[in-house]
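Here is a short briefing on one protein chain. Look over the sequence and the structure, then read the points below.

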Amino acid sequence: MPEWLSVFILFAGCSIGKLVPANVYMSGFFSSATWLILAGLILGAMITFVGLDEYIAERIQHIFNKSYSNILLGTLLIGTIFIFLMPSAMGRVLIILPILSAFTKKIGYEKGSREEEGIILIGILSTYLPAFAILPANVPNNVLLGSMQSLYNIHFTYISYFLDFFIVLGLGKLIIIYILFLILYRNCKPPLNIAERKNLKMNSQQKKASFLLLITMILWITEKWHGISVGWVGMIASIICALPGSGLLMKKPLRSIGFESFFYIAGIVSLGNIARHTEIATKVSNYFIEQFSIASMGQYRISILWIILGIIIGLIVTVPGIPAILTPLAINFSEMTSLSIETLCKLQVLSFSNIFFPYQAPPLVVALQETGVSKVKTTGICITISIINLLIFSNILLYIWKVI
């Protein structure tokens with residue numbers, strides 16, 4: 001069953017059954033995280049329309065096309081740059097796939113070859129896995145942001161979230177991904193046809209789009225000073241690129257944009273408020289507090305338990321569901337321990353940033369279906385990165401946060 005249909009059932013069931021007031025089950029639409037998703041969809045459509053994605057790919061790939069290891073590095077950089085440009089993970093994956101397929105063909109790698117597989121797989125993973133460390137770049141990040149704002153009036157700014165997570169989780173994962181691919185694809189052939197260097201220049205549309213994205217990024221980073229949330233900064237940028245005569249979007253752009261993720265975020269944020277309003281969250285958290293004698297545990301053991309609980313939830317409901325379920329429980333755990341609500345919310349990132357199986361992440365599933373890349377190999381890489389993330393990166397962050 002698609003996520004958007006589940007959300008519609010949730011809204012209809014709450015309304016017809018009078019389970020909770022309308023301002024509770026529709027509260028997801030009041031969250032800036034929901035509107036950030038819509039902004040990301042529109043800005044992603046703009047990037048595709050003006051060809052900025054292909055321009056960036058061409059520029060980078062012409063620099064890194066001398067050897068297979070260089071091509072892997074160039075592809076990893078493209079995936080990373082797209083994280084900052086496009087808040088929609090699904091959009092990034094769908095844009096990067098045709099670019100990489102065309103490039104591998106251009107430099108002489110056959111479809112289905114080991115060389116093509118490595119390039120496409122590193123592009124997918126580098127644009128998805130490190131994105132958990134950048135606020136608007138993945139669905140779970142936005143669910144966490146929306147749930148924290150809605151339930152506790154706690155707000156992450158773009159820059160505070162970036163500083164908390166990217167240096168360890170983001171850069172750390174990029175380094176691990178590159179090393180893993182150098183090992184897994186160490187005997188691959190160099191490119192058969194070196195791509196010709198072109199004198200690439202931006203056209204006027206691409207310049208306007210780049211300037212708009214630059215200003216948007218600056219406003220996201222400086223949210224702490226101007227006070228406009230990332231969601232509404234994104235919506236302002238979307239309005240500007242949608243203005244008649246801007247030349248930055250196709251005619252009737254909303255017809256070409258999929259709104260599934262917009263409704264999904266609205267529903268998942270609302271679900272957290274429903275759990276809190278009906279006191280289901282309180283009962284569940286009290287059960288765990290009693291079963292594991294949390295009150296007598298130290299900070300580190302509680303943090304590990306909280307992270308593992310999130311991972312188990314992610315295996316059942318996929319990773320976007322982790323913050324929707326855990327965030328309402330945070331207040332009860334906080335009252336029984338020395339950990340603050342904000343720290344417990346931050347610890348959730350250490351749960352949902354672990355992807356053990358591709359089915360946990362819809363963008364990965366779509367990418368594997370579109371390309372035919374080995375699911376077994378992808379699963380092995382994901383498990384390896386997640387184990388390293390849990391054993392090394394998570395403990396580094398717990399030490400930095402003075403939990404250890």
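In this predicted model, Gln348 touches Leu144, Trp306, Ile322, Pro323, Leu326 and Thr327, leaving aside residues up to four places away in sequence. Gln348 is part of helix H18, which covers residues 341-352. Its relative accessibility is 0%, so Gln348 counts as buried; the cut-off for that is under 20%. One of its partners, Leu144, is a buried residue of helix H8. That helix comes next.

**Helix H8**

- Helix H8 runs over residues 139-152 and has 14 residues.
- Is H8 largely enclosed by the rest of the structure, or is it exposed? Of its 14 residues, 11 are buried, so H8 is largely enclosed.
- The buried residues are Pro140, Asn141, Asn142, Val143, Leu144, Leu145, Gly146, Ser147, Met148, Leu151 and Tyr152.
- Just after H8 comes Asn153, with a positive phi of about 55 degrees.

**H8 against H3**

- Helix H3 covers residues 32-50, and its axis comes within 8 Å of the axis of H8.
- The two axes cross at roughly 150 degrees.
- On the H3 side, the contact is made by Ser32, Ala33, Leu36 and Ile37.
- On the H8 side, Asn142, Leu145, Gly146 and Gln149 take part.
- What kinds of residues make up the contact of H3 with H8? There are 4 nonpolar, 4 polar and no charged residues.
- An α-helix has 3.6 residues a turn, so residues three or four places apart point the same way.

**Transmembrane regions in the record**

- An unreviewed UniProt entry lists residues 33-56, 68-85, 119-139, 159-185, 206-222, 228-249, 304-326 and 378-401 under "transmembrane region".
- Over residues 206-222, the model is 94% helix and 0% strand. The end C-alpha atoms of this stretch are 24 Å apart.
- Over residues 378-401, the model is 96% helix and 0% strand. Here the end C-alpha atoms are 32 Å apart.

**Thr282**

- Thr282 lies in helix H14, which covers residues 280-291.
- Its relative accessible area is 30%, so Thr282 is partly exposed; that class runs between 20% and 50%.
- How many Å separate the C-alpha atoms of Thr282 and Ile404? They are separated by 27 Å, and the two residues are 122 residues apart along the chain.

Methods:
Residues numbered from 1 in each chain as written. Predicted model: local features only at pLDDT ≥ 70, side-chain atom pairs only at ≥ 80, totals over all residues. Heavy atoms only, no water. Helix = DSSP H or I, 4+ residues; strand = E, 2+ residues; numbered from the N terminus. Expected span 1.5 Å × (residues − 1). Buried < 20%, exposed > 50% of the residue type's maximum accessible area, 1.4 Å probe, protein only. UniProt positions renumbered as here; feature names shortened; annotations may be inferred. Contact = heavy atoms within 4.5 Å. Axes fitted to C-alpha atoms, helices over the stretch in contact; angles between N-to-C directions. Nonpolar A, V, L, I, M, F, W, Y, C, P; charged D, E, K, R; others polar.
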